[in-house]
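Q: I would like a close look at one part of this protein. Please take it step by step.

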Amino acid sequence: MEEKGKRLKVIGFFLFTLLLSTYLPAMPRCTADDHKGSKKYYQRHDDRKGDDLTGGLFGHGHDEGNETTGQIVAWSLAAVNLTVALSLLIRGMKRFVPLGTGARNYLTKFNSSQKRYLMRFHYLLNPFILLLAVAHWSLSRCSSTALPEWGLVTMGAIVASGIIVKFKLCPKISLRNIYKLHTHPVLPLLLILLLVIGHFSID
């Protein structure tokens, strides 16, 4: 049973890495394509008031504003969560790649160092990125699909569980389960799938 769990983690890890590598370059292009459509695009949107708001914020009107917020969210998520991706990669290499003692010790020290310097940004900035993602959604929501909304909910669940774990906002028994949920590779995998498929559906 334990061996089966390890296999599932390996599969989830590699799927997560693969989708992450495809999601990051695709997300800005997908967002740009979504907001450079013709008049039919504007007819699909619920809220036309976003035009003036976006133009005021970014100076390029509705299209450029949504493209800008989408790119900021995508690249900020990649930068802030780089430490987590590195940690998962190193843990996977140590567990499944035959390495010498020296290489394993080097990876352990490197992982400890990068987490010491970068994890603080992971804790502090993800909630702000979530707020920016909400702003991006409010400026570009469409009635053609609800997948981006579900992606936003998933992102909110990840951030909320991280805050609960970081500040220990629940009893220890529940905290252990929430920590497992927060660190499970299925959630970020689901988030990437929802956002990628959702944005391509909008397009």
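Leaving aside its neighbours within four places in sequence, which residues is leucine 191 in contact with?

A: Start with how to read the model. It is a predicted model, in which local features need pLDDT of at least 70, side-chain atom pairs count only at pLDDT 80 or more, and totals for chains, interfaces and linings use all residues. Residues are numbered from 1 along each chain as its sequence is written, and side-chain values use heavy atoms, with hydrogens and water left out.

Now the contacts. Leucine 191 is in contact with Gly151, Thr154, Met155 and Ile158, once neighbours within four places in sequence are set aside. Contact means heavy atoms within 4.5 Å.

Next, the core. Leucine 191 belongs to the largest nonpolar core, which has 13 residues. A nonpolar core is a set of buried Ala, Val, Leu, Ile, Met, Phe, Trp, Tyr and Cys residues joined through side-chain atoms within 4.5 Å. Buried means under 20% relative accessible area; exposed means over 50%, and partly exposed is in between (1.4 Å probe, protein chains only). Val73, Leu77, Ile129, Leu130, Ala133, Met155 and Leu191 touch the most other members of this core. Helix 4 (61-80), helix 6, helix 7 and helix 9 (186-202) each supply at least two of its residues. The largest share, four residues, comes from helix 7. In soluble globular proteins, nonpolar side chains tend to be buried together.

Helices here are DSSP runs (H or I, at least four residues), as are strands (E, at least two), numbered from the N terminus. The protein has nine helices and zero strands. Buried residues make up 34% of its 203 residues.

Look at how helix 6 packs on helix 7. Their axes are 10 Å apart, at an angle of about 160°. That makes helix 6 roughly antiparallel to helix 7. Axes are lines fitted to C-alpha atoms, for helices over the stretch in contact, and angles run from 0 to 180 degrees between N-to-C directions. Under 35 degrees counts as roughly parallel, over 145 as roughly antiparallel, 65 to 115 as roughly perpendicular, and the rest as oblique. The crossing of helix 6 and helix 7 is left-handed. A crossing is left-handed if the near helix is turned anticlockwise from the far one by less than a right angle, and right-handed if clockwise.

Which residues meet there? From helix 6 come Tyr123, Asn126, Pro127, Ile129, Leu130, Ala133, Val134 and Trp137. From helix 7 come Glu149, Leu152, Met155, Gly156, Val159, Ile163 and Lys166. By class, this contact of helix 6 with helix 7 has 11 nonpolar, two polar and two charged residues. Ala, Val, Leu, Ile, Met, Phe, Trp, Tyr, Cys and Pro count as nonpolar, Asp, Glu, Lys and Arg as charged, and the others, Gly among them, as polar.

Take asparagine 126, in helix 6. Asparagine 126 counts as buried, at 10% relative accessibility. Asparagine 126 touches Leu77, Val80, Asn81, Phe121 and Val159, not counting residues up to four places away in sequence.

Helix 6 (residues 101-140) also packs with helix 5 (residues 82-96), at about 160° and with axes 9 Å apart. Helix 5 is therefore roughly antiparallel to helix 6. This crossing of helix 5 and helix 6 is left-handed.

Lysine 168 lies between helix 7 (147-167) and helix 8 (172-183). Lysine 168 is exposed, with a relative accessible area of 63%. Lysine 168 has a positive phi of about 50°, although it is not a glycine.
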